[in-house]
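Hello,

Here is the structure I promised to send you. Have a look at it first, and then read on for what I found in it.

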Amino acid sequence: MIPSGATGDQQLHLGEVARLFLKLGLIAFGGPAAHIALMRQEVVERRRWLSDQAFLDLLGASNLIPGPTSTELAIYLGYTRAGPLGLLLAGLLFILPAMLVVLVFAWAYVQYGTTPSVGALLYGIKPVIIAVIVQAIYGLLRTAVKTWMLGVVAVLAAAFYFVGFSPLVPLFGLAILVMLVENRTRLAGRLPAGQPDKHLLLLLLLLPPLGQFAQAAPAAVGGVSLGVLLLTFLKIGATLYGSGYVLLAFLHDDFVSRLRWLTDQQLLDAVAVGQFTPGPVFTTATFIGYLVGGVPGAIVATVGIFLPSFVFVAIVYPLVPRLRKSPWTSAFLDGANAVAVGLMAAVVWQLGTSSIVDVLTLALLVIAAVLLIRFRLNSVWLVLGGGGVGLLTAALRG
């Protein structure tokens, strides 16, 4: 049974929650899958805070709501162990170390990003980042594309993206379509026993308007508006389903195509930094915020992208046992996951055309993909190795 609120005993656990998630925020390299594995090792096997079944319930709830899955799992675990204050501590301390590290990288990038050494470093890193995304797609395919219909949904999502639609269009449109098709017998029977959960319907009603409001907000004339930056990242944090790498599709659509505040190269550089630093991949937002608005922009972007996760976890936590059993929420999540894979495939193709520029970068991509998929090598070492290859290549070329 998952506790629904803090007790006196849970308050006593705040210290251990703080220590654990600060530690994970400092050492959790390797992306969401690695984060989840580390959390299970710490809270199920070592500390025995909860059972495997309870852990899986919380992981399922993290997948059900928008936002960064591993960060939301950390927030859920903090809530389970120490109530509402545990929720805040676990999330903040998991995010904060990564934010500070990324902020340092962003400052260095702005100061030295055009120098030959940094250019050489990123030359080798970018193909590895593409390989990491390919591995994520490969790993998700079997889970996300379980039927021919979901395969069609993934292809349609990629097509919508290439045509120029906002990622929100396939995300909500196709996911809702899958939900309706999968529950057509209930619709035909006038919803006798499995009517849509009212909390899911509330999310479906509120999230698209939030996203469209942020998307419609005008950019400041002659500069970057912190208000638009906040609204844009709030929209992304409140509507993004799937792996952290799906973030690429949203970032490209908003910051490269619509606002034109970033170039493709800057976006890839931001993702590279988010990949080889510990903690959530979503701290890519910190890097982007610093690029376009300095330290205030970094803070605004980080708050914007993570704030919805805290709100959603606080709302959904008491409902976890009901939501995971609903055929409506299950079908919606299936559709959203298939869309996520399609969006990832579209973005990896688009970014690959700008990062695979010669035989060496192609070789780095292939070798990294094989090592990731076949031998499950930690992506951190590959990213660092790619950077080393870039620096060595620059030195040899003089």
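D254 and K235 form a salt bridge, meaning that a side-chain nitrogen of Lys or Arg lies within 4 Å of a carboxyl oxygen of Asp or Glu; here the closest N and O atoms are 2.6 Å apart. The two residues come from distant parts of the chain: D254 sits in helix α12 (residues 247–258) and K235 in helix α11 (residues 226–239), 19 residues apart. Helices here are DSSP runs of H or I with at least four residues, strands are runs of E with at least two, and both are numbered from the N terminus. Both D254 and K235 are buried. That word means under 20% relative accessible area, while exposed means over 50% and partly exposed is in between (1.4 Å probe, protein chains only).

Before you go further, please keep in mind that this is a predicted model, in which local features need pLDDT of at least 70 and side-chain atom pairs count only at pLDDT 80 or more, while totals for chains, interfaces and linings use all residues. Residues are numbered from 1 along each chain as its sequence is written, and side-chain values use heavy atoms, with hydrogens and water left out.

Now for the other salt bridges. The structure has 10 of them. Side chains of opposite charge can pair when their charged atoms come close. One example is E42 with R47, at 2.1 Å from N to O. E42 is buried, with a relative accessible area of 4%, whereas R47 is partly exposed at 30%. Another example joins R40 to E45, with the closest N and O atoms 2.5 Å apart. R40 is partly exposed at 29% relative accessibility, and E45 is partly exposed too, at 43%.

How does the protein look as a whole? It has 18 helices and 0 strands. Of its 398 residues, 55% count as buried. A contact means heavy atoms within 4.5 Å. Among contacts between residues at least 6 apart in sequence, 77% join residues at least 24 apart.

Is E72 buried or exposed? It is buried, with a relative accessible area of 0%. Leaving out residues up to four places away in sequence, E72 touches S62, I65, P66, G67, S309 and V313.

F172 is also buried, at 6% relative accessibility, and its place is in helix α8 (residues 168–182). The C-alpha atoms of F172 and V339 are separated by 9.1 Å, although these residues are 167 apart along the chain.

S326 caps the N-terminal end of α16, with a side-chain oxygen 3.2 Å from the backbone nitrogen of W328.

Accessible areas come from the Shrake-Rupley method with a 1.4 Å probe, and for residues only the protein chains shown count as cover. A nonpolar surface patch of about 550 Å² is made by L230, V295, I299, V303, L307, V311 and I315. Patches are made of residues with over 30% relative accessible area and no salt bridge; like charges are joined within 9 Å, and nonpolar side chains (Val, Leu, Ile, Met, Phe, Trp, Tyr) within 5 Å. Which helix gives the largest share of the nonpolar patch? That is helix α14 (residues 284–316), with 6 residues. L230 lies in helix α11 and is partly exposed, with a relative accessible area of 32%.

Last, two backbone angles. Most residues other than glycine have a negative phi. R48 is not a glycine, yet its phi is positive, at about 55 degrees. R48 lies in the loop between α3 (32–46) and α4 (52–64) and is exposed, at 66% relative accessibility. R260, likewise a residue other than glycine, has a positive phi near 60 degrees. R260 is found in the loop between α12 and α13 (264–276), and is exposed with a relative accessible area of 67%.

Happy exploring, and write back with any questions!

Conventions. A polar contact is a pair of N or O atoms within 3.5 Å; within protein, one must be able to donate a hydrogen and the other to accept it, and residues adjacent in sequence count only if both atoms are side-chain atoms.
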